[in-house]
Amino acid sequence: MCGIVGAWMTRAGMDDIADVLVEGLRTLEYRGYDSSGVGVVRSDPGAAPGAVRVARKMGRLENLEEALKGGALAGANVGVGHTRWATHGEPSDENAHPHTDGTEQIALVHNGIIENYLELRAELEAAGVVFQSETDTEVLTHLVGRRYATDGDLAGSLRAALRQVKGYYAVAVVGNRDGVTELVCARQGPPLCVAMFEDGVMLASDVLAVLPHTREVTYLSDGDLAVLSPGSVRVERIDGEAGEAVERVATLVDWDTEAANKGGYPHFMLKEIFEQSEVLGRAIHNRLLPTQGDVQFEGDGWSDPDLNGIGRVQILACGTALHAGIVARYLIEGLARIPVEVDFASEYRYCEPVVSPGTLAIAISQSGETADTLAAMRLARELGAQTLAICNVQGSTLTRDCQKTILTHAGPEIGVASTKAFTAQLIAAYLFALRLGRARRVLDEATGARMIEELRHLRPKLESLLTTEFSDSIRKIAERHVNQNGFLFLGRGVNYPIALEGALKLKEISYVHAEGYAAGEMKHGPIALIDPGLTTLVINTKGRVADKVRSGIEQVRARKGPVIVLGSDEGSWSLGDDVVKIPETSEWLSPLLHVVPLQLFAYHVADLKGCDIDKPRNLAKSVTVE
Ligand code: AGP
C-alpha cells in the first residue's frame, strides 16, 4: 500500500541522503501518493550530533521536494523515506511518515496495519505517552523508542516491539544513540527487499527503488528482520535470537532502470499501453513449440500425467487480474475441457470453498502482493489444492508461496490502472490452456500448431492498434462522448470480461460511472438505463455469437442510446454512431485486440477531463491490506 525506502551511502562526497531517498520514493509513488516524508541522521547546527531529523509533507512528492530544497536535511548519509496511502488517519503532515517518538533518536516508516493499535495506544497513553498523529504506526514507533532509549539496541528494540504487535508490516527504522547509528527493517506481509552494493546498502518495498544502484537484491521472507550497515546486511528472524543470522539468496533482477521512466510519453499508462506488442513478444519468447503444436514454460513445469490429474480449476484474483481470470476460464474450459470457477479472492476467503482432490488453484496477480489474493491462495493450498501463480513480479510473495509460477514478463507496471500486465496475463492464460489441452489430448497437434500460428500473427495486428493514428482516432471518439452521464460496456463469451475490464479502466481513471455487462443480459435489466445520456460500447467479433450481439445493438439504438461498436464483425459496423474496426483473429485471441481501444478510450476520456491518470484518486497500485 505504502512505499518504504532506506539507504546508507558511503560514496565520497555524499552528504544529502534525502536526495537518494526521494529518488527511491519517486519509483515507489505508485504505491501511495497522499503524503511523503524522509527521516535522516544528521549533525544539525544547534542540535546534538547524530540527531534524527524528519521532513514530512501532505500531498504529492513534489511538496516534499520543495520542503527539502536548499539542503534542509543535508549533512546526512543514512535515512528512511515513505510514500503513503492512508489507512489510519486522513492524509496530513502529522499523519505522514516517518514517525518519531519525540526524542530525536529514531525515525520509523511503515507499510501495513497494526491491528491491535488501539489497545497498545491506550496502554502507552496510560504510561504518559503523548501521541502526535492518528496513525497505527506511531504506536509501533513509541514501542521501539521506549526500549531503544533504555538499552540502545535498535534491532533488539524493533524485535521486542514487533513481538507485541498483531498485524501486517514492512517497517524500517533509523536510529542514533550516543553517536552510534543503526538502520534496521523487518517484514511480515508486505514486500521488502534489501541490497548491498559498492558504495552503500538499501532497503525498499520494490526493487525499482534499488535498480539505479544494483540489480542484485535479496527479498526478505515473512518474519525476517535485517540489520544494515555499510558493507553488511545481516538477516535474522523476528522470533529468533539477536545475532543469529539466516541465509537468504540474492536474486538478479532482469528489469532495467528505463522501465521506471516515462520514456517521452506524458503518462506511464500511455507508455505501458504502447508497450503491449513488446510484452507479447516477451511473453511468448522461448515458449512456443510450433512443430509439436505445443508450448513449454521455463523451470520445473508439470508433466503430462500431472496435468491430466487436474480435475477442476479455481481461479483467484482481484480487479483487472480477475478479468484476466474470467478470460482464462473460457480458454481452459474451451481448450482443455476442465471445469473452472473464478472467484473474487476477497470472497473466496469467506465463502467456505470446496476443494476436491485434483483441484488446481490459479492465483493471478500483477504485483504478487495483493493481500486478498495471497490469503485466498493460501486457503486453497491448506484445503489441498495445488497452486499456480500467474504473476508479473519474480520473487514476489505469490511466486514464492505457490508451487509453480508462470511469469507474465510484462516488465514493471507503474501506472495504477493496469494495462500491459493484463495483456500479459491473457497471453499466459492462452499458453497454459493450450498446454493443458495438449497434455489431456483434447487438442491434437495440428490444432495446437494452428493456435501457435495465430498467436504469432497477432503481433502485427496488435501493432496496428498501437499507433498514434489509431490512438488519435479513439481520442476523437472520446471527445464526442466525454460529457455523457455514464457508459455501459457489453461483450459476450470470451469478450464479456473485456467489457468488464473496459468499464473498470474508465471508472478508475476518469471517475465516470461505467458498467460492464454480458451482452445477452442487457435485456434483463440494464436496458432500463438506455437513454441519450448513456453511451453503450459493444464489442462484437466475428464468431458464434456475432448475430446475437448485433440484435443487442439494435435494441440500444431503438431506445436512442448512442452506440460505439468495436470489433471485427463487419455486420455491426453500420450500426454504431462510432465504429472502431479491429483486425480479425481467432475468437480466443480477440480479447487481446479488443482491450487496446478500451484502454485508450479510458485514457483519453480521463485526459480530456483533466484527471490525474497515473495517480487516480483513492487508489493504490497494490492493495496489501484487506
Ligand atoms: C487495475 O487497474 C487495478 N488497479 C486493480 O484492479 C488491480 O488489478 C487489482 O488490485 C489486483 O492487483 P494485482 O494484479 O497486483 O493483484
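Let's start with the rings: there are two aromatic pairs in this structure. One of them brings together Tyr-265 and Phe-274, with ring centres 5.7 Å apart and planes at 35°, so the pair counts as tilted. Keep in mind as you look around that this is a predicted model.

**Aromatic pairs**

- Tyr-265 is partly exposed, because its relative accessible area is 31%, and the cut-off for buried is under 20%.
- Phe-274, the partner of Tyr-265 in the tilted pair, comes out at 15% relative accessibility, so Phe-274 counts as buried.
- The other pair is made by Phe-487 and Phe-601, and it is edge-to-face, with 70° between the planes and 5.7 Å from centre to centre.
- Are Phe-487 and Phe-601 buried or exposed? Both are buried.

**Arginines over rings**

- Look at Tyr-511 and you'll find Arg-617 lying over the face of its ring, 4.0 Å from the ring centre.
- Arg-329 does likewise with Tyr-330, lying over the ring face at 5.5 Å from the centre.

**Strand β6 and its partners**

- β6 pairs with strand β5 (residues 106-114) in the antiparallel sense, over nine bridges.
- β6 is also joined to strand β7 (residues 180-188) by nine bridges, and these two run antiparallel.
- Which residue of β6 is the bridge partner of Val-109? That's Ala-172, and the bridge partner of Ala-172 in β7 is Cys-185.
- As background, side chains in a regular strand alternate between the two faces of the sheet.

**The turn from β6 to β7**

- β6 and β7 form a hairpin with two residues between the strands.
- Asp-178 belongs to the loop between β6 and β7, and its phi is near 50°, a positive value in a residue other than glycine.

**Other backbone spots to check**

- Most residues other than glycine have a negative phi, and most peptide bonds are trans.
- Glu-352 also has a positive phi, near 50°, and you'll find this residue in the loop between α10 (345-348) and β18 (359-365).
- Glu-352 is exposed because its relative accessible area is 71%, and the cut-off for exposed is over 50%.
- The peptide bond running from His-97 to Pro-98 is cis, with omega near 0°.
- Where is Pro-98? Its place is in the loop between β4 (78-84) and β5.

**A helix pair**

- Two packed helices are described by the angle between their axes and the distance between the axes.
- Helix α4 (residues 137-151) packs with helix α5 (residues 154-162) at an angle of about 140°, and their axes are 8 Å apart.
- Why are α4 and α5 oblique to each other? Roughly antiparallel needs an angle over 145 degrees, so α4 and α5, at about 140°, count as oblique.
- The crossing that α4 and α5 make is right-handed.

Conventions. Residues are numbered from 1 along each chain as its sequence is written. This is a predicted model: local features need pLDDT of at least 70, side-chain atom pairs count only at pLDDT 80 or more; totals for chains, interfaces and linings use all residues. Side-chain values use heavy atoms; hydrogens and water are left out. Rings of Phe, Tyr and Trp (its six-membered ring) pair if their centres lie within 6.5 Å; planes under 30 degrees apart count as stacked, over 60 as edge-to-face and the rest as tilted. Buried means under 20% relative accessible area, exposed over 50%, partly exposed in between (1.4 Å probe, protein chains only). A charge sits over a ring if NZ of Lys or CZ of Arg is within 6 Å of the ring centre and within 35 degrees of the ring normal. Two strands pair if DSSP finds at least two bridges between them. Helices (H or I, at least four residues) and strands (E, at least two) are DSSP runs, numbered from the N terminus. Axes are lines fitted to C-alpha atoms, for helices over the stretch in contact, and angles run from 0 to 180 degrees between N-to-C directions. Angles under 35 degrees count as roughly parallel, over 145 as roughly antiparallel, 65 to 115 as roughly perpendicular and the rest as oblique. A crossing is left-handed if the near helix is turned anticlockwise from the far one by less than a right angle, and right-handed if clockwise.
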